[in-house]
Amino acid sequence: MSYLSKGTFGAIKKMTTGYFMKMILNIKLTDNYNKRFKNNREINPFMRVCCTALLAIMAGCISNTALGQANHSNPWAPTEIGVMPPIASMTKGVWLKGELHVHSRHSTESSNNPIAKIIAFSKSVGMDYVCITDHDNHVDGDVANHTWADPEFKSDSVLLLYGAEWTTTRGHGNVFSAKPYDHQRLYDVRDQRDVVVGAVKKGLGIHLSANHPSGKDHFGYSYDMVESIEVWNSAVWPKNANAIMIWDDMLSSGRKLTGRGGSDAHHGVPDSPDKATKNSYQAKANYVGTPTTWVFATARTSQAVVDALTNGRVAISSNPYAPRVEFYADLNQDGKMDMMMGDNAKSTGKSVKFRVQLTGNTLPAATYTINVIKNGNKLGSYQATGKMPMIEFNDTPVTVGRTYYRVEVEGPQTDYPQVPQSMALSGNMVGLSNPIYFNFDPNF
Ligand SMILES: [Zn+2]
Ligand SMILES: [Zn+2]
């Protein structure tokens, strides 16, 4: 162990560096270089003693630091993980699809988009749940007496989550809750330090999600207080590349963070031509379901939807009719899948078999490209065809340290006639899985 702390070493280094810098500057900047040089030569014996002493101290510091590094053990370095919580049932549940980011008339810049229109449309395209996320700053935080109090905020078939877009100077985040909560408190605290915001958020018991994480109004708070991140915002897929990069960075640093979608639609189809606005064209390009977020919920309830979002049993599809990406892993190679996306298991050091399948309206003649990403890097690329396109691959997660795998599926778009211009905007991105995790510390 070094008897000199890092701080002491730094201070001495600064002092000595500063001293030499001053000497150099004196020599270089003087008008009378020769005279100064001569003066320096005159005090040479004294300087020589000083320099020798300082160099001796520096050498001592360096050797001590080197010794210190050799003996250093990082208390945060990965260790073998203990017992992990059991993986939830693979069969007890239901796939539900929904929209997690849409603005109604309670957001002042929206047009032709009353709540009843959003809900009726959602029902018509088979949505199971919707969260209407109006800008809270447009109502000074009082979402409860605007969006939620709207007589149109009701449905006999679509599960309506309670939420809002937390719209702050430091960016935007969506709240998802199965029941009403005191949103005003979250609005009021928005400009405080993250520790204060985080405490309020925790007290409210809500799911907070980072919105459009790159670009203007990106989520500018600590990611330690969010459960999910909007990795696919609007039908326009290509602009989400940086969001995916941020997601991979958060995952790679041990944050088990669910990726989800959201159209961020503000504009509905006008009821008559005279009601059209300059933004009405957007309704045919980006609306409810572009993209669609699927959750494997334990029941058809709002709470189960929020829980599934938190746990990461989630996939994103370009639209409600596009196929759903399902991603599974067989831990003991017995042919039976033991975990799915969002699940976290302890690595045994043995090879794991992974399965990716597309479920739903796949195009019969299409070839889909399945890209596998492991710890932020591409592991492999596979082609899948047929009625239920499926691929399998094997890999071995490390026994000490974290590993995650996720997949991206590219291919032709399934038609979404209600939002006909959305397919071209989504390009060839059909769907994203959430990761399958190994050795992610549940107490992180
Ligand atoms: Zn926003
Ligand atoms: Zn928005």
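Residues are numbered from 1 along each chain as its sequence is written, and chains are lettered from A and ligands numbered from 1 in the order in which they are written. In this predicted model local features need pLDDT of at least 70, side-chain atom pairs count only at pLDDT 80 or more, and totals for chains, interfaces and linings use all residues.

**Exercise 1. Overall make-up**

Solution. 
- Step 1: Helices (H or I, at least four residues) and strands (E, at least two) are DSSP runs, numbered from the N terminus.
- Step 2: Buried means 20 or more other C-beta atoms within 10 Å of the residue's own; exposed means 12 or fewer, and partly exposed lies in between, with C-beta atoms placed from the backbone.
- Step 3: A contact needs C-beta atoms, placed from the backbone, within 7 Å.

**Exercise 2. The largest nonpolar core**

Find which members touch the most others, and which element gives the largest share.

Solution. 
- Step 1: A nonpolar core is a set of buried Ala, Val, Leu, Ile, Met, Phe, Trp, Tyr and Cys residues joined through C-beta atoms within 7 Å.
- Step 2: The largest one holds 86 residues, and Val130, Leu161, Val295 and Val305 touch the most other members.
- Step 3: Strand S3 (residues 159-168) supplies the largest share, 6 residues.
- Step 4: Look around Val130. Leaving out residues up to four places away in sequence, its contacts include Val102, Ile118, Ile119 and Leu160.

**Exercise 3. Strand S9 and its partners**

Determine which strands pair with S9, and how its faces are placed.

Solution. 
- Step 1: Two strands pair if DSSP finds at least two bridges between them.
- Step 2: S8 (residues 292-297) pairs with S9 in the antiparallel sense over 4 bridges. Val295 stands opposite Val314 there.
- Step 3: S18 (residues 429-433) also pairs antiparallel with S9, over 3 bridges. Ala315 has Ser433 as its bridge partner.
- Step 4: Both faces of S9 (residues 314-317) are covered. Val314 and Ile316 are buried on one side, Ala315 and Ser317 on the other.

**Exercise 4. Strand S4**

Trace the pairing of S4 on to S3 and S5.

Solution. 
- Step 1: S3 and S4 run antiparallel, joined by 7 bridges. They form a hairpin with 2 residues between them.
- Step 2: S4 pairs antiparallel with S5 (residues 207-210) over 4 bridges.
- Step 3: Follow Gly173 in S4. Trp166 is its bridge partner, and so is Ala210 in S5.
- Step 4: Check the cover. In S4 (residues 171-177), 6 of 7 residues are buried.

**Exercise 5. Pro213**

Is Pro213 buried or exposed?

Solution. 
- Step 1: Pro213 is found in the loop between S5 and S6 (228-233).
- Step 2: Pro213 is buried, because 27 other C-beta atoms lie within 10 Å.
- Step 3: Its contacts beyond four places in sequence include Phe219, Ile229 and Ile246.

Methods
Contact = placed C-beta atoms within 7 Å.
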